[in-house]
Structure formats: C-alpha cells, structure tokens
Amino acid sequence: MNDALPARSRLVAAALRDARIDGEIIMLPDAASTAALAAAALGVEVGAIANSLVFWSDGEPLLVMTSGAHRVDTAALAERLGRGAIRRATPEQVLAATGQPIGGVAPTGHPAALTTVVDEDLAAFAEIWAAGGTPHTLFPLTFDELVRLTGGTVARVA
C-alpha cells in the first residue's frame with residue numbers, strides 16, 4: 001500500500017486490494033473534482049469517468065455511479081427503482097455516509113456499505129476511472145469490477 005496516499009485513499013486502496021481489483025490509485029497535482037477535470041487530467045473521454053454521486057432516498061443514502069457524460073434523472077431513477085423521491089445529499093450527509101468529501105467520493109472505502117446503482121452507460125468503456133477518496137486521487141477499473149466492488153444494481157440513470 002502506498003503510504004504517500006491520503007488516509008481516505010489508503011482505505012480505498014485496502015478495499016480494492018480486498019476485492020482483488022488491480023487498479024492502482026494515482027495522485028494528481030491538481031484537484032479533479034468534476035468529471036470534466038478528471039477526464040482532462042487523464043486524457044480520457046468524460047464518459048469514462050465514473051462519478052460517485054450521493055443522493056438521499058427513503059431515509060438513507062443512495063450512491064449512484066454515473067458516467068461523467070450525463071446527469072442523473074432522479075425522478076426517472078426513483079420510478080425505475082420503486083423508491084420515493086431521490087434528492088441530492090447535503091455535503092454533511094455525503095461526508096457522514098462515505099467519510100469522503102464531495103468531489104472525491106470513491107465507490108468503496110465507506111464506513112458502511114451503501115445501496116448503489118451503477119449507470120449502464122459505463123459498460124461502453126473498456127476502462128473507467130473513479131475517485132479514490134479525495135479530489136486528487138483516481139483509480140482505473142472495469143465496469144464488471146465496479147459492479148462487483150459496489151454490489152450495485154445496473155440501471156439507466158439518465
């Protein structure tokens with residue numbers, strides 16, 4: 001494990017190792033807190049960035065791993081999932097649910113497992129990139145690894 005990583009990213013790296021996912025967390029010199037910034041820093045399509053967005057629904061956090069190429073249609077997603085209204089979590093709710101700041105939320109390394117939805121559009125990319133627990137850290141993985149890592153439900157989210 002890389003001791004140079006921030007503490008939150010070391011938790012993510014441990015979760016990746018436990019899940020037998022080989023993608024290594026990299027540190028960027030500048031924050032990549034949006035999909036556009038991450039894609040530019042990595043030289044990949046914005047759609048290959050797996051945004052970790054935390055919402056609140058039915059009294060609990062809901063993690064949506066969505067392609068950076070589009071926005072989540074919360075009303076349509078709630079209907080597809082048979083849930084009550086889905087709304088953006090507050091920064092405090094995000095931090096409490098994930099232990100990670102907005103702009104750096106990873107798909108793993110949280111204090112407790114989160115109900116997760118994985119955007120089916122991410123399957124179009126051979127390699128996708130997700131945040132590593134801070135706005136300066138990212139790691140690569142495949143769509144199948146993301147689904148396995150999160151235990152997520154694959155769905156259309158746009």
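Predicted model: local features only at pLDDT ≥ 70, side-chain atom pairs only at ≥ 80, totals over all residues.
Residues are numbered from 1 along each chain as its sequence is written, and side-chain values use heavy atoms, with hydrogens and water left out.

So, back to S2, which covers residues 49-57. When I say strand, I mean a DSSP run of E with at least two residues, while a helix is a run of H or I with at least four, and both are numbered from the N terminus. I say two strands pair if DSSP finds at least two bridges between them.

Who sits beside S2? Strand S3 (residues 60-67) is joined to S2 by 8 bridges, and the two run antiparallel. Strand S4 (residues 86-88) also runs antiparallel to S2, with 3 bridges; there, Trp56 stands opposite Arg87. Strand S6 (residues 128-131) runs parallel to S2, with 2 bridges, and Ala50 stands opposite Ala130 in S6.

Buried means under 20% relative accessible area, exposed means over 50%, and partly exposed is in between, using a 1.4 Å probe and protein chains only.

Now look at the turn. S2 and S3 make a hairpin with 2 residues between them. Asp58 lies in that loop and has a positive phi of about 55°, although it is not a glycine. Why point that out? Because most residues other than glycine have a negative phi.

Arg20 is another one to find: its phi is positive too, about 60°, and it is not a glycine. You'll see Arg20 in the loop between helix H1 (7-18) and strand S1 (26-27). Arg20 counts as exposed because its relative accessibility is 70%.

Next, go to the end of S6. Gly132 is in the loop between S6 and strand S7 (137-141). With 0% relative accessibility, Gly132 counts as buried. What does Gly132 touch? Leaving out residues up to four places away in sequence, its contacts include Arg8, Ser9, Val12, Ile25 and Gly104. A contact here means heavy atoms within 4.5 Å. Gly132 and Val12 are 120 residues apart in sequence, yet their C-alpha atoms are 6.2 Å apart in space.

Let's zoom out. Residues 24 or more positions apart account for 62% of the protein's contacts with a separation of 6 or more. There are 5 helices and 8 strands, and along the sequence they go α-β-α-β-β-α-β-α-β-β-β-α-β. The radius of gyration is 14 Å, close to the 15 Å that the globule rule gives for 158 residues, so the protein is as compact as a globular protein of that length. That radius is taken over C-alpha atoms, and the rule is 2.2 Å times the number of residues to the power 0.38. Along its principal axes, the C-alpha trace spans about 40 × 30 × 30 Å. Of the 158 residues, 51% count as buried.
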